[in-house]
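Please follow the account below with the structure open beside it.

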Amino acid sequence: MEKKIRITLPKTTAEILENDIEEFSIKKNTLLNYIYKEFTKNIYKLSFVNYPKDESSVIQFNLNKKNREEYYSFLEENKIQNESEFFRELLSYYTAFGKKKRELFLFKEIVERINYSIKESKLIKITFRDGKTIEVEPYLIESSKLEVTNYIFCYNIKEEAWKNYKIKYINSIYIKKNEFKIRDKEFVKKMKINFDPFISFGQKIKVRLTKNGEKIFKELNTNRPKIIDVKLDEYILECSEEKAKRYFCFFLDEVEILEPLVLRNWFKNKYKKAFTKYEE
């Protein structure tokens, strides 16, 4: 027999849950059952928050079979008489976490396996949600200061390159028996101290900015490259090509990519295609 849970939540709490369902590609029933299962394992450690008393929103879900088997015993043991109030506090407690912390919580098993492989210096096989698989040396789980997402920093064996992959796209982790030696301790240390999702250390680009482009550069903080040198309107930046593609796409004609040539041509071709579309 199904056990349907119906809760009236503060609107902000409901919105965070809805955003997580979309952001992490997880079904509502799966998310809410997971939150219930994980938090109630250690309910005695919880310190429930005073949830916001704003506009309300109704949410409902069904307890899965495993949670349903233990549900009434749990209520009785913990002297919970008001189910709705309990779930309202529980979900408000979860949504009070920052987004990066919620992500680590939702992908706890994957995170634990990665951390174990880092500690034991074991190679891992990563299978992503799209079915792609790679073999890597894992080094860190980190997040940037301005981005609200978590990455695994690693060395891709096949590509022979340092890479960052978003945790939310990982489906499973297989820990191999093979051990590895740290390739570059100083580089790993740099990434830990000042994590860069685009791994820009040691990579340079040269750009020319208009006056308005300089203004945009000062105001746009997210993924902003580090300045190495400036001569008049030309900037030498510590920046990978992928970071430049992400960052400077907002500038349109307020920036000219000068070097490297392959990056300049990438922007040139993009603008040509865009121009063709607007001519139609």
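In this predicted model, strand 3 (residues 122-128) pairs with strand 7 in the antiparallel sense, and six bridges connect them. Within that pairing, lysine 125 has tyrosine 174 of strand 7 as its bridge partner. The two strands belong to an open sheet of five strands, ordered 6-5-4-3-7 with antiparallel pairing. Strand 6 (161-166) and strand 7 (170-179) each have a single partner strand and stand at the edges, so one side of each has no neighbour in the sheet. From one strand to the next, the twist averages 45°. Helix 6 (residues 108-120) lies across strand 3, strand 4 (133-142), strand 5 (151-156) and strand 7, and it runs at about 20° to strand 7.

A further open sheet contains four strands in the order 9-10-8-11, again with antiparallel pairing. Its edges are formed by strand 9 (226-231) and strand 11 (255-259); each has a single partner strand, so one side of each is left without a neighbour in the sheet. Neighbouring strands here are turned against each other by 30° on average, direction ignored. Strand 8 (residues 204-209) and strand 10 (residues 234-238) run antiparallel and are joined by five bridges. One of the residues involved is isoleucine 205, whose bridge partner in strand 10 is leucine 237.

Helix 8 (residues 211-219) lies across strand 8, strand 9 and strand 10, at about 125° to strand 8. Helix 10 (residues 261-279) packs on the sheet by touching strand 8 and strand 11, and its direction makes about 145° with that of strand 11.

The remaining element pair is a helix packing. Two packed helices are described by the angle between their axes and the distance between the axes. For helix 1 (residues 11-23) and helix 2 (residues 28-40), the angle is about 115° and the axes are 10 Å apart. Helix 1 is therefore roughly perpendicular to helix 2. Their crossing is right-handed. Helix 1 contributes Leu17, Asp20 and Ile21 to the contact, while helix 2 contributes Lys28, Leu31, Leu32 and Ile35. By class, the residues of this contact comprise five nonpolar, no polar and two charged.

Taken as a whole, the protein has 10 helices and 11 strands. Its C-alpha atoms fill a box of roughly 70 × 50 × 35 Å along the principal axes. The radius of gyration is 24 Å, whereas a compact globule of 280 residues would have a value near 19 Å.

Technical notes:
Residues are numbered from 1 along each chain as its sequence is written. This is a predicted model: local features need pLDDT of at least 70, side-chain atom pairs count only at pLDDT 80 or more; totals for chains, interfaces and linings use all residues. Side-chain values use heavy atoms; hydrogens and water are left out. Axes are lines fitted to C-alpha atoms, for helices over the stretch in contact, and angles run from 0 to 180 degrees between N-to-C directions. Angles under 35 degrees count as roughly parallel, over 145 as roughly antiparallel, 65 to 115 as roughly perpendicular and the rest as oblique. A crossing is left-handed if the near helix is turned anticlockwise from the far one by less than a right angle, and right-handed if clockwise. Contact means heavy atoms within 4.5 Å. Ala, Val, Leu, Ile, Met, Phe, Trp, Tyr, Cys and Pro count as nonpolar, Asp, Glu, Lys and Arg as charged, and the others, Gly among them, as polar. Two strands pair if DSSP finds at least two bridges between them. The radius of gyration is taken over C-alpha atoms; the globule rule is 2.2 Å times the number of residues to the power 0.38.
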